[in-house]
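Take a look at the model below.

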Amino acid sequence: MSSAYLIAVGSNRRHHLYGRPRHVVRAALEELAALGTVSARSPIIASAPMGAAQRRFANAAAVMDSEYDPPALLAALKRMERQFGRRPGRRWGDRVLDLDIVLWDGGYWKGSALSVPHPDFRDRAFVLGPACAIAPGWRDPISNLSLSHLNARLTSPRALLR
Ligand SMILES: Nc1nc2c(c(=O)[nH]1)N=C(CO)CN2
């Protein structure tokens, strides 16, 4: 049985073949088709780095159906990161490709190396912005708020949206 996933994609380093981060993200969005059926790809946005990273990021999101369960999909995404030349580095440092599972239509997953929903996605405009462009009505199973509500909450006065 296949499941739907929301995947976040990011890059802030050049790739020797693909070039600038936005081209890395575009290539990664295409490559996701090897892991399932991609039903939506967001526009690629530029965003200021959050955390220890130095350079600007290109970010995007995709919705895909896949036969993989969450740990198997995560393993496949990590393999793709390595194929794109990512090497272990600082947790919040610069990277050629970052692929995260944000949401899964099966609800929650909690393992030693993986939590779905992604624990921090509600505070990350660079995830919510692109995600809202393709799946605004998808609800976070923990807060039960839609992606468009979570995104509005990040950018609007809190009192209005609680
Ligand atoms: N704007 C932006 N900032 C980041 C990003 C990212 O994808 N976009 N990823 C990080 C590490 O996961 C750290 N900071």
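The model is predicted.

Start with helix α2, which runs over residues 70–83. It holds 14 residues. From first C-alpha to last, α2 reaches 20 Å, close to the 20 Å expected at 1.5 Å a residue.

Which residues of α2 are buried? They are Pro70, Leu73, Leu74, Ala76, Leu77, Met80 and Glu81. Seen down the axis of α2, these buried residues fall within an arc of 165°, so they line one face of the helix. An α-helix has 3.6 residues a turn, so residues three or four places apart point the same way.

What does that face pack against? The buried residues of α2 pack against strands β1 (3–11), β4 (57–66), β5 (98–104) and β6 (109–110), and against helix α1 (21–31).

Now look at the ends of α2. Asp69 caps the N-terminal end. A side-chain oxygen of Asp69 lies 3.0 Å from the backbone nitrogen of Ala72. After α2 comes Gly85, with a positive phi near 95°.

Turn to the aromatic rings. A pair of aromatic rings is described by the distance of the centres and the angle of the planes. Rings pair if their centres lie within 6.5 Å, and planes over 60 degrees apart count as edge-to-face. The model has two aromatic pairs by this rule. One of them joins Trp104 and Trp109: the ring centres are 5.8 Å apart and the planes sit at 70°, so the pair is edge-to-face. Trp104 is buried, at 13% relative accessible area. Trp109 is partly exposed, at 28% relative accessibility.

Definitions and conventions
Residues are numbered from 1 along each chain as its sequence is written. This is a predicted model: local features need pLDDT of at least 70, side-chain atom pairs count only at pLDDT 80 or more; totals for chains, interfaces and linings use all residues. Side-chain values use heavy atoms; hydrogens and water are left out. Rings of Phe, Tyr and Trp (its six-membered ring) pair if their centres lie within 6.5 Å; planes under 30 degrees apart count as stacked, over 60 as edge-to-face and the rest as tilted. Buried means under 20% relative accessible area, exposed over 50%, partly exposed in between (1.4 Å probe, protein chains only). Helices (H or I, at least four residues) and strands (E, at least two) are DSSP runs, numbered from the N terminus. The expected span of a helix is 1.5 Å times one less than its number of residues. The arc is that of the directions from the helix axis to the C-beta atoms. Contact means heavy atoms within 4.5 Å. A polar contact is a pair of N or O atoms within 3.5 Å; within protein, one must be able to donate a hydrogen and the other to accept it, and residues adjacent in sequence count only if both atoms are side-chain atoms.
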